[in-house]
Amino acid sequence: INAEYMGALLCTTEIGGLASFEWLPAILRRATAFKTTIQQGILNHGVMVYHGVRTYAYEVDGFGNALFMDDANIPSLLSLPLLGYVDWNDPLYLQTRRLVLSRHNPFYFKGKAGIGGVGGPHCGIGRIWPMSLMVQALTTRDTVEIAELVQQLIVTARSNSLMHESFSEDDVDDITRPWFAWANSLFGELVLTVGMDQDLYKALGLTTPLKLTLAPDPTE
């Protein structure tokens, strides 16, 4: 949550170049100072060593204890670049990402269905959220990885052509919430983000990047 808030503060500080209200500089200075404090707090208290690897912690208690795991919901450790907190190629994030997408994360599952992904306490053990596959795709620049994830997402939707809340690690047709608006919207964002990218569009099997233009208003 602190990382998400810091990303919002970062956006706030960038407003400085867009407006010249007399009261704005003071607010921007406070937001910048607050952002720096949160960032330093995360680095000082929100980073741990887990299985010999330095990584972001999922949770700390203020008494020196830390928990490593990740949950498919956003905000999550996997989604840190989406939150505007770090770049996708930040070394500490990449180390965290590798742990999140492995058995070191108690909520990473991969069973007989052959699709690995993150779930969480909400749906329980052995249930993968398609949303985690979307976040994984939106936080990498590897076209091969993205293409594989998109194909896996299509497979998980075969029961009704929609994105679901979760599916069983052993059976993609064993789903919860046949209609999950958040996941469907995020999948649309994934397709548009990748399809319009000058480098990533090939992950969708496109020959050229998508170019979307607004249709003319028939009333004008």
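Predicted model: local features only at pLDDT ≥ 70, side-chain atom pairs only at ≥ 80, totals over all residues.
Me: Hi! In what order do the three strands of the open sheet come?

Reply: The order is β7-β8-β9, and the pairing is antiparallel. β7 and β9 (171-176) are the edge strands, each pairing on one side only. Two strands count as paired if DSSP finds at least two bridges between them. Helices (H or I, at least four residues) and strands (E, at least two) are DSSP runs, numbered from the N terminus.

Me: Good. How many bridges do β7 and β8 pair over?

Reply: Two bridges, in the antiparallel sense. At this pairing, Ile-128 stands opposite Phe-167 in β8.

Me: And what about β1 and β2, over how many bridges do they pair?

Reply: Strand β1 (residues 47-50) pairs with β2 over four bridges, again in the antiparallel sense. Val-47 has Tyr-56 in β2 as its bridge partner. Two residues lie between the strands of this hairpin, and His-51 there takes a positive phi near 55 degrees.

Me: Where else is phi positive?

Reply: Ser-161 has a phi near 65 degrees, a positive value in a residue other than glycine. Its place is the loop between α5 and β8. Arg-177 has a positive phi too, near 50 degrees, and lies in the loop between β9 and α6.

Me: Is Ser-161 buried or exposed?

Reply: Ser-161 counts as exposed because its relative accessibility is 64%. Arg-177, at 43%, counts as partly exposed. The cut-offs are under 20% relative accessible area for buried and over 50% for exposed, with partly exposed in between (1.4 Å probe, protein chains only).

Me: What share of the chain do buried residues make up?

Reply: They make up 43% of the 220 residues. The chain has six helices and nine strands.

Me: How many of the residues of helix α4 are buried?

Reply: Nine of the nine residues of α4 (residues 130-138) are buried, so this helix is largely enclosed by the rest of the structure. Among them are Met-131, Leu-133 and Gln-136.

Me: What do they pack against?

Reply: The buried residues of α4 pack against α3, β6 (117-118), β7 (127-128), α5 (143-156), β8 (166-168) and α6 (181-196). Contact here means heavy atoms within 4.5 Å.

Me: New topic, aromatic pairs. How many does a search of the whole structure find?

Reply: It finds five. One of them joins Tyr-56 and Tyr-85 edge-to-face, with 5.9 Å centre to centre and 70 degrees between the planes. Rings of Phe, Tyr and Trp (its six-membered ring) pair if their centres lie within 6.5 Å; planes under 30 degrees apart are stacked, over 60 edge-to-face, and the rest tilted.

Me: Where do those two tyrosines sit in the chain?

Reply: They link distant parts of the chain, 29 residues apart: Tyr-56 is in strand β2 (residues 53-56), and Tyr-85 is in the loop between β4 (66-67) and α3 (91-100). Tyr-56 and Tyr-85 are both buried.

Me: Why is the pair of Phe-107 and Phe-109 edge-to-face?

Reply: The ring centres are 6.3 Å apart and the planes stand at 90 degrees, so the pair is edge-to-face. Phe-107 and Phe-109 are buried as well.

Me: And which residues form an aromatic cluster?

Reply: Trp-129, Phe-180 and Trp-182 form one.

Me: Last topic: what volume does the second largest pocket have?

Reply: About 170 Å³. A pocket is an open set of points on a 1 Å grid over the protein atoms alone, where a 1.4 Å probe fits, with protein on both sides within 12 Å along at least five of seven lines; lining residues have an atom within 4 Å of a point. Grid points are joined across faces, edges and corners, and the volume is the space filled by probe spheres set on the points.

Me: Which element gives the most to its lining?

Reply: α5 does, with four residues. Lining residues include Leu-101, Tyr-108, Leu-133 and Gln-152.

Me: Is Gln-152 buried or exposed?

Reply: Gln-152 counts as buried, because its relative accessibility is 14%. Leaving aside residues up to four places away in sequence, Gln-152 touches Gly-114, Ile-115 and Leu-133.

How values were computed:
Residues numbered from 1 in each chain as written. Heavy atoms only, no water.
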